[in-house]
Structure formats: C-alpha cells, structure tokens
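Welcome, and thanks for taking a look at this one with us. Below is a short briefing on side-chain contacts and strand pairing, sorted by topic.

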Amino acid sequence: TPSVPQLTHLLSAAAEKVTSLGKDWHRPCLRCEKCNKTLTSGGHAEHDGKPYCNHPCYAALFGPKGFGRGGAESHTFK
C-alpha cells in the first residue's frame, strides 16, 4: 500500500484542475476519447465536444481521407 506522503501526492495531483473545451477537468480525466492518452489543456483536438489527441486519433478519425496513405503517418482504426 502507498505511504501517507505518496497518497497525499496522488490526491493533490488528481485534484489539480485544467480548463479545456469550456469546462474544468481533473488533470487525469482529460483523456483522448479513442486511445485514453492523458491530454494537456490546449494541446489536443476536439470533435462534438469530446477531446482527442491530435495524432493519430483525431487525424485518423476525422482528417482527410487518404491521410498518410500507407506511409509512416498512416493510421486507421477498425
């Protein structure tokens, strides 16, 4: 089990708030809707009010068709 200082650190980190998409989030709760990666305020994309990481999720889901076209930047979801 974590020690008291470790728990205090975890609780204070979880209590930090960031503002994004017009609302406040607990820092660990601001995550990509697709891959669940933790995002930073202002460092992500939005679609229908939901946060997405810029690459690869937003680009693959909502970017122009043919994005990457099989190259290093190609990414698709099934």
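How exposed is Arg 27, buried or partly exposed? With a relative accessibility of 33%, Arg 27 counts as partly exposed. Please keep in mind that this is a predicted model. The mean pLDDT of the protein chain is 79, with 63% of its residues at 70 or more.

**Confidence along the chain**

- Among the elements of the protein chain, the lowest mean pLDDT, 63, belongs to helix α1 (residues 4-15).

- Strand β1 (residues 17-20) and strand β2 (residues 23-26) run antiparallel and are joined by 4 bridges.
- Looking across the pairing, you will find Thr 19 opposite Asp 24 in β2.
- The hairpin has 2 residues between its strands, and Leu 21 takes a positive phi near 55° there.

**The salt bridge**

- The structure holds 1 salt bridge, formed by the side chains of Glu 16 and Arg 27 at 3.1 Å, N to O.
- Glu 16 sits in the loop between α1 and β1, while Arg 27 sits in the loop between β2 and β3 (45-47), so the contact ties together parts that are 11 residues apart in sequence.
- Glu 16 is partly exposed, at 38% relative accessible area, and Arg 27 is partly exposed as well, at 33%.

**The aromatic cluster**

- A pair of aromatic rings is described by two quantities, the distance of the centres and the angle of the planes.
- The count here comes to 2 aromatic pairs.
- In one of them, the ring centres of Tyr 52 and Phe 62 are 5.2 Å apart; their planes stand at 75°, so this pair is edge-to-face.
- Tyr 52 is buried, with a relative accessible area of 10%, whereas Phe 62 is partly exposed at 30%.
- Tyr 58 and Phe 62 also pair: their ring centres are 5.3 Å apart and their planes meet at 50°, so the arrangement is tilted.
- Both Tyr 58 and Phe 62 lie in helix α2, 4 residues apart, which is about one turn of the helix.
- Tyr 58 is partly exposed, with a relative accessible area of 26%.
- Taken together, the ring pairs link Tyr 52, Tyr 58 and Phe 62 into a cluster.

Key. Residues numbered from 1 in each chain as written. Predicted model: local features only at pLDDT ≥ 70, side-chain atom pairs only at ≥ 80, totals over all residues. Heavy atoms only, no water. pLDDT = per-residue confidence, 0-100. Pairing = 2+ DSSP bridges. Salt bridge = Lys/Arg side-chain N within 4 Å of Asp/Glu carboxyl O. Buried < 20%, exposed > 50% of the residue type's maximum accessible area, 1.4 Å probe, protein only. Phe/Tyr/Trp six-rings, centres within 6.5 Å; stacked < 30°, edge-to-face > 60°.
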